[in-house]
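Grab your viewer and try each task before reading on.

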Amino acid sequence: MSASEKQEAAKAIKEGLESLQGQVPGLVDIHVQIDGRLESSNADIMLDSTLESEEALKGYAVHPAHVAVANGVVRPNTEIRTCLDFEI
């Protein structure tokens with residue numbers, strides 16, 4: 001992808017994922033970081049979300065709105081995915 005194509009894809013991913021706020025039960029907060037990346041980074045996009053519980057996380061993964069965004073805009077525009085799920 002060209003730099004401008006990457007930027008447009010990142011914006012689409014951000015808009016799609018952040019639009020899930022209020023649609024997915026148990027999703028407390030969701031933010032996608034696409035700006036401010038330092039050269040030392042090995043990724044272009046960061047999803048930071050808070051869910052009520054591990055059960056809510058499992059529900060988020062299969063929720064139709066999330067699946068639509070994942071299949072429609074995230075997967076077609078990402079090469080590698082790294083995930084860190086933890087309890088706070």
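Helices (H or I, at least four residues) and strands (E, at least two) are DSSP runs, numbered from the N terminus. You're looking at a predicted model, in which local features need pLDDT of at least 70, side-chain atom pairs count only at pLDDT 80 or more, and totals for chains, interfaces and linings use all residues. Residues are numbered from 1 along each chain as its sequence is written, and side-chain values use heavy atoms, with hydrogens and water left out.

**Exercise 1.** Work out the order of the elements along the protein chain, and find out how its radius of gyration sits against the globule rule.

*Solution.* Start by counting: the protein chain has 3 helices and 2 strands. Reading from the N terminus, they come as α-β-β-α-α. Next, take the radius of gyration over C-alpha atoms; the globule rule is 2.2 Å times the number of residues to the power 0.38. The rule gives 12 Å for 88 residues and the protein chain comes out close to that, at 13 Å, so it is as compact as a globular protein of that length.

**Exercise 2.** Is His66 buried or exposed, and what does His66 touch?

*Solution.* Find His66 in helix α3. Its relative accessible area is 13%, so His66 is buried. Now list contacts (heavy atoms within 4.5 Å). Not counting residues up to four places away in sequence, His66 touches Leu17, Leu20, Tyr60 and Ala61.

**Exercise 3.** Describe how α2 and α3 pack.

*Solution.* Two packed helices are described by the angle between their axes and the distance between the axes. Here the angle is about 55° and the axes of α2 and α3 are 5 Å apart. That makes α2 oblique to α3. On the α2 side, Tyr60, Ala61 and Val62 make the contact; on the α3 side, Pro64, His66 and Val67 do.

Key:
Buried < 20%, exposed > 50% of the residue type's maximum accessible area, 1.4 Å probe, protein only. Axes fitted to C-alpha atoms, helices over the stretch in contact; angles between N-to-C directions. Parallel < 35°, antiparallel > 145°, perpendicular 65-115°, else oblique.
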